[in-house]
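User: I am new to this structure and would like a close look at one part of it. Please take me through the salt bridges, step by step.

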Amino acid sequence: MKSKFLILIFALSSSVLIAQEKLADKFFSNYGYLKATELYEEVLKKGDTSLHVLSRLGDCYYNNSKSEKAAFWYAKALKYDEKNINPEYIYKQIQSLRSLGNYEEADSWMEKFMAIQNNDTRIKDYNPENIAKYSELTNSDRSNNVKIQNLPFNSKYSDFGSFVHNGQLYFASSRNIDDKKLYSWNQEPFLDIYQVEIDKKQDTVIFGTPDFITAEEVNTDFHEASVAITNNGNTMYFTRDNVGRGNKKVDYDKKGTTHLKLYKASLVGEQWTNIVELPFNDEVFSTGHPTLSPNNKQLYFVSDREGGIGNTDIYVVDIEDTNTYSQPRNLGEKINTEGREMFPFVAKDSTFYFSSDGHLNLGFLDIFKSNIIKDDTATPENLGAPYNSGFDDFAYFKNDSQVENELTGYFSSNRPNGEGSDDIYGFDASICTQVIQGITRNKNDNNILSEVVVKLINEVGKVISEVKTGTDGSYEFTVDCNKYYTVTGSKDDFKDIQKKITTENQHEKINNADLDLDSLINNSQIVINPIFFDFDKSDIRTDAQYELENIVDVMRAHPKMVIKIESHTDSRGRDNYNLKLSDRRAKSTMEYIISRGIIKNRIETAIGYGESQLLNKCANGVKCTQEEHQLNRRSYFYILKE
């Protein structure tokens with residue numbers, strides 16, 4: 001008999017734990033992380049040390065950016081069942097540890113994460129020696145703010161380099177399969193210069209059909225690429241193989257190597273013609289990849305000429321008024337390294353962009369920017385993801401836009417899942433932000449509510465900002481466009497409220513989200529939503545517990561408050577039975593509140609009145625709807641003392 005009694009106690013205890021865990025889950029799913037934390041920790045104290053509870057505690061702190069406690073609970077969850085835990089928790093632990101600066105421990109977890117998730121994009125460019133920097137450069141939040149598009153005119157061959165002038169995008173491509181001659185390096189046709197018309201309609205860029213540039217003499221049987229055009233549109237600089245007379249064969253140096261040279265062409269009518277080789281080319285080294293300064297007085301290019309710092313360096317020459325050129329100047333060690341520096345580009349604001357595999361990078365060529373033109377001590381900055389990847393990323397071009405906050409352009413990459421060996425990508429990093437703002441009010445009388453805690457929660461449930469309203473009840477958040485957010489409001493003695501907002505692609509749009517909080521105290525009562533019981537039962541369901549937590553919160557906020565509980569039923573069933581059922585329900589309600597730490601003597605009475613105090617006509621024998629009967633099934637929480 002004793003053993004059966006113990007089993008019964010154990011079963012009852014287990015059911016209580018399960019119920020409280022479900023309640024915690026409900027608060028968690030509704031972004032009530034503080035309450036969920038409290039409930040999960042209570043479940044933990046009562047003996048439930050399951051993986052679900054441990055990991056959810058970690059999530060509660062993680063979503064509130066409490067890295068230290070998140071790491072503590074994730075560590076316990078991982079220790080509990082490292083082999084079977086969802087790998088996402090390993091990654092969250094890595095993020096938590098990095099946030100704390102524990103890079104060495106994060107490093108060890110990263111190795112385990114890589115072993116499990118060997119196809120996960122977050123490990124693609126991992127390097128234990130630069131874990132902090134790599135984490136910054138591959139930051140997914142930054143990537144999410146930039147739209148990347150593989151352009152529709154890319155081919156299965158090599159397409160790269162971009163220069164936009166007068167509604168035309170110029171690029172290099174080896175798509176000319178009609179020319180049967182193949183380049184031995186990659187067994188693709190030789191590169192030619194193409195142009196494609198671009199047209200912007202509202203927020204959409206439309207591309208025409210690419211074709212050879214309008215030129216009689218520019219494209220040959222060999223390589224042409226990398227265009228730069230002067231502001232007036234009359235002169236084009238481009239790269240070409242060192243071709244001999246008639247452009248029918250290439251010239252080689254003594255070692256049998258053909259080199260690149262820079263040329264310029266003039267626009268005559270609608271044709272590029274009058275091809276001229278630039279004077280600082282040579283037969284024994286390459287010169288190519290031209291770009292111009294904003295005022296067209298300097299020409300930057302790449303060369304492997306003698307006296308450089310690395311494999312290829314970036315140089316500059318002055319363009320004289322007489323159409324002659326100064327001696328080339330190496331840009332120096334702030335830009336050039338012992339590796340490869342290539343594909344320079346100067347934006348209209350004189351920001352200098354280039355690609356390099358010598359500076360700290362994510363793999364092969366990465367795109368960098370520098371203020372070297374205005375400050376010769378400036379250090380290059382890696383643009384990071386999504387411009388850079390673990391592959392070659394190069395040939396950055398920024399559109400010259402007169403629209404405030406607009407930042408669009410192009411870059412090239414041989415990253416996987418493209419159309420060809422090299423592809424051109426368009427990017428849109430325009431700063432598009434909106435505002436979510438509102439006033440917090442008392443729903444009962446429409447008066448302004450101050451000291452309301454308003455939280456901004458992102459689409460994955462993480463609290464990203466929090467404010468407390470002042471005397472005017474106002475709050476405001478600046479948010480990103482094209483995102484999903486939830487705004488919650490909470491204040492002692494009021495029910496929590498939440499509103500969902502979807503931001504559109506319209507810069508500086510204001511989203512109004514007033515928060516009307518329903519008072520929990522009204523006419524000497526604590527007023528909550530109806531508490532529902534299963535038919536013919538007095539057990540407190542999870543949804544009822546969720547509502548009763550409002551009673552717990554009010555009584556905690558008012559430690560001297562004393563209440564009494566009344567429970568009522570509808571008229572269906574025998575009078576005496578309903579009286580006893582309502583009384584059991586009243587006492588179950590009281591017992592739940594006491595179980596949450598409220599002292600017993602603060603609840604003076606908990607009495608059921610059955611069907612003796614109906615609110616409408618629905619007495620025995622009267623036909624009523626379900627809604628009319630529901631009105632009579634209610635509980636009251638009267639405040640006797642504050």
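User: Which residue forms a salt bridge with Arg556, and how far apart are the closest N and O atoms?

Analyst: The partner is Glu38. The closest N and O atoms of the two residues are 2.7 Å apart. Keep in mind that this is a predicted model.

Look at where the two ends sit. Arg556 is in helix 9, which covers residues 542-557. Glu38 is in helix 2, residues 33-45.

Now take the surface. Arg556 has a relative accessible area of 35%. Glu38 has 22%. Buried would require a value under 20%, and exposed a value over 50%, so both residues count as partly exposed.

Salt bridges that share partners join Arg556 and Glu38 into one network with Lys35, Glu42, Glu549, Asp553 and Arg596. Across the whole structure, a search finds 27 salt bridges.

Two further pairs are worth a look. Arg329 forms a salt bridge with Asp318. Their closest N and O atoms are 3.0 Å apart. Arg329 lies in strand 16 (residues 329-330) and Asp318 in strand 15 (residues 313-318), so this bridge ties together parts that are 11 residues apart in sequence. Arg329 is partly exposed, at 37% relative accessible area. Asp318 is partly exposed too, at 22%.

The other pair is Asp543 with Arg541. Here the closest N and O atoms are 2.7 Å apart. Asp543 has a relative accessible area of 29%, which makes it partly exposed. Arg541 is also partly exposed, at 26%.

Finally, turn to another arginine, Arg634. Its place is in strand 36, residues 634-641. The relative accessible area of Arg634 is 11%; that is under 20%, so Arg634 is buried. Leaving aside neighbours within four places in sequence, Arg634 is in contact with Glu566, Ser567, His568, Gln613 and Leu615. With Gln613 there is a specific atom to find: the side chain of Arg634 reaches the backbone oxygen of Gln613 at 2.4 Å. Phe532 gives one more reference point. Phe532 and Arg634 are 102 residues apart along the chain, and their C-alpha atoms are separated by 8.4 Å.

Terms used:
Residues are numbered from 1 along each chain as its sequence is written. This is a predicted model: local features need pLDDT of at least 70, side-chain atom pairs count only at pLDDT 80 or more; totals for chains, interfaces and linings use all residues. Side-chain values use heavy atoms; hydrogens and water are left out. A salt bridge is a side-chain nitrogen of Lys or Arg within 4 Å of a carboxyl oxygen of Asp or Glu. Helices (H or I, at least four residues) and strands (E, at least two) are DSSP runs, numbered from the N terminus. Buried means under 20% relative accessible area, exposed over 50%, partly exposed in between (1.4 Å probe, protein chains only). Contact means heavy atoms within 4.5 Å. A polar contact is a pair of N or O atoms within 3.5 Å; within protein, one must be able to donate a hydrogen and the other to accept it, and residues adjacent in sequence count only if both atoms are side-chain atoms.
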